[in-house]
Amino acid sequence: MSGKAFLLSHYSFSPPNIPRTNFNVHNSFYHTSESGSGRGRGRGRFGYGQRELLLVKRNSSSRKLWADVKSKPFKIAEDDALLRKKEDGDNSVGLPQEFPKRWVIVILCFSAFLLCNMDRVNMSIAILPMASEYNWTPITVGLIQSSFFWGYLLTQIAGGIWADTVGGKAVLGFGVIWWSVATVLTPIAAKLGLPFLFVVRAFMGIGEGVAMPAMNNILSKWVPVSERSRSLALVYSGMYLGSVTGLAFSPFLIKQFGWPSVFFSFGSVGTVWFAVWLNKAYSSPLDDPTLRPEEKKLILCSSVSKEPVKSIPWKLILSKPPVWALIVSHFCHNWGTFILLTWMPTYYHQVLKFNLTESGLFAVLPWLTMAATANVGGWIADSLVRRGTSVTVVRKIMQTIGFLGPAFFLTQLSRVDSPAMAVLCMACSQGSDAFSQSGLYSNHQDIAPRYSGVLLGLSNTAGVLAGVFGTAATGYILQHGSWDDVFKVSVGLYLVGTVVWNAFSTGEKIID
């Protein structure tokens, strides 16, 4: 295109039969085409889309700015809209979309939970050679496994209060470093004696105990309601993939380097995560100076006000039936989950006659299934909510699947006659259990978003008690009974949880 341009601020114009617009021409250069001779008359035509504007020069006697030009017409309206978006801070105009910061937080929480279960399940594999080396009985093994939950129990409510008052970033960071150090110290404690091992495992539980309340507090501030189920499902699938990673790599490390190598290698990874967390994470969108304005607006407009929590309304919280439905259901759910988490490799080894490597590898399949179905359940739940289904109905459907699915498949274990079918039943049991992430595990933010950390700490305390009693009781049952008896107890509690959840739970906010 050839031609010259002139300054439009020297002209006034009024486009005939063209709607009024906010078009601003002050000090702007645009190309024009001459109409007629235009010599000395200060008149010309200005291309406006497919139309032309008649321009009349001001004070034409003072100076002349005419030039012969040729130009193709263009659509100012579209360019003006783009410019306005740019001025409003919309970086999506003509530029690649920046990855949402809220999902950076979600992914960091996911990776923390991956480390959490890596460091937790390594004991379920390492306990086999450790028990052989130190001549531990099944009861002793059960006590060692349950000692983790002694510390885990102590920091559930405390971690929730700390997260709601101080902020989730500091609490989750503390938890990861604490349990990583305890993991590294585990082999040293085992060589010193059982009392030292009990203490170190309890210390590890203290660190992991704050993780869930802190994560729940952070996501309640960062994630809009319409993305709640899938974000929580992704984070909790980190736990399942952590179990997969731990169960898959532990046998290899034990075989190549000995059982202490599992604890040294897994524990050291936490320091890398901690460095990234300090640099990237913030407790709230309001604290993040790098957060784009449009994303901050999206988050804050779809979440509740997050004034600092100065006191916990315990009487109000404990007076609500849906809170007790959460507590009871969490206990019933975790009894079965923690038994499978800590005793599954032993079941494969003793009942299905798998060797150490096979026990670890086959124990991976249920956790892989959980990682997949948790995210599927999260997308289904969020889709139902977006389409207008009440949150209460969605939570009840998801948690009912999370209870009755495992109950059904555990009852089939006594009927199968092949290791392959037993592993399949375990996978289906755990896979349906993962729908709980869109049920009771999402419900804390539904009913009390400001106190979600405290509420999760409260209900998870009941869940941890289930882990303490269930893990220890399993060792006792196995010494005096059978694996069928272990599964019958879990099925009974799943049925109790189903009744309580459907009778008293809600998806509506009941505590401001």
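**View 1. The whole protein, shown as an overview of its secondary structure and its surface.** In this predicted model, the secondary structure of the protein comes to 18 helices and five strands. Of its 512 residues, 53% count as buried, and the accessible surface comes to about 22,300 Å², with 63% of that area belonging to carbon and sulfur atoms. When contacts between residues at least 6 apart in sequence are considered, 81% of them join residues at least 24 apart. The structure holds zero disulfides; in general terms, a disulfide is a covalent bond between the sulfur atoms of two cysteines.

View 2. A search of the whole structure finds nine salt bridges, and one of them joins Arg102 to Glu227, with the closest N and O atoms 2.9 Å apart. This pair links distant parts of the chain, since Arg102 belongs to helix H2 (residues 101–134) whereas Glu227 sits in the loop between helix H7 (211–222) and helix H8 (228–257), 125 residues apart. Both Arg102 and Glu227 are buried. Arg292 forms a salt bridge with Glu294, the closest N and O atoms again being given as 2.9 Å apart. Arg102, Glu227, Arg292, Glu294 and Glu295 are linked in a network of salt bridges.

**View 3. The salt bridge between Glu208 and Arg120.** Here Glu208 forms a salt bridge with Arg120, and the closest N and O atoms are 3.1 Å apart. The pair links distant parts of the chain, with Glu208 in helix H6 (residues 194–209) and Arg120 in helix H2, 88 residues apart. Glu208 is buried, and Arg120 is buried as well.

View 4. The structure holds 18 aromatic pairs, and in one of them the rings of Trp273 and Trp277 have their centres 4.9 Å apart and their planes at 20 degrees, so the pair is stacked. The cut-off behind this description is that planes under 30 degrees apart count as stacked. Trp273 and Trp277 are four residues apart in helix H9 (residues 260–280), and they are therefore separated by about one helical turn.

**View 5. The edge-to-face pair of Tyr347 and Phe487.** The rings of Tyr347 and Phe487 have their centres 5.6 Å apart and their planes at 75 degrees, so this pair is edge-to-face. Tyr347 lies in helix H12 and Phe487 in helix H18 (residues 483–504), so the pair ties together parts that are 140 residues apart in sequence. Tyr347 counts as buried at 4% relative accessibility, and Phe487 is likewise buried, with a relative accessible area of 6%.

**View 6. The aromatic cluster of Tyr134, Trp136, Trp259 and Phe263.** These four residues, Tyr134, Trp136, Trp259 and Phe263, form one aromatic cluster.

View 7. His330 lies in helix H12 (residues 321–350) and is buried, with a relative accessible area of 0%. Leaving aside residues up to four places away in sequence, His330 touches Leu440, Tyr441, His444, Ser459, Asn460 and Gly463. Helix H17 (residues 452–480) has 29 residues and should span 42 Å at 1.5 Å a residue, which agrees with the 41 Å between its end C-alpha atoms. Of the 29 residues of H17, 21 are buried, so this helix is largely enclosed by the rest of the structure.

Note on methods: Residues are numbered from 1 along each chain as its sequence is written. This is a predicted model: local features need pLDDT of at least 70, side-chain atom pairs count only at pLDDT 80 or more; totals for chains, interfaces and linings use all residues. Side-chain values use heavy atoms; hydrogens and water are left out. Helices (H or I, at least four residues) and strands (E, at least two) are DSSP runs, numbered from the N terminus. Buried means under 20% relative accessible area, exposed over 50%, partly exposed in between (1.4 Å probe, protein chains only). Contact means heavy atoms within 4.5 Å. Accessible areas come from the Shrake-Rupley method with a 1.4 Å probe; for residues, only the protein chains shown count as cover. A disulfide is a pair of cysteine sulfur atoms within 2.5 Å. The expected span of a helix is 1.5 Å times one less than its number of residues. A salt bridge is a side-chain nitrogen of Lys or Arg within 4 Å of a carboxyl oxygen of Asp or Glu. Rings of Phe, Tyr and Trp (its six-membered ring) pair if their centres lie within 6.5 Å; planes under 30 degrees apart count as stacked, over 60 as edge-to-face and the rest as tilted.
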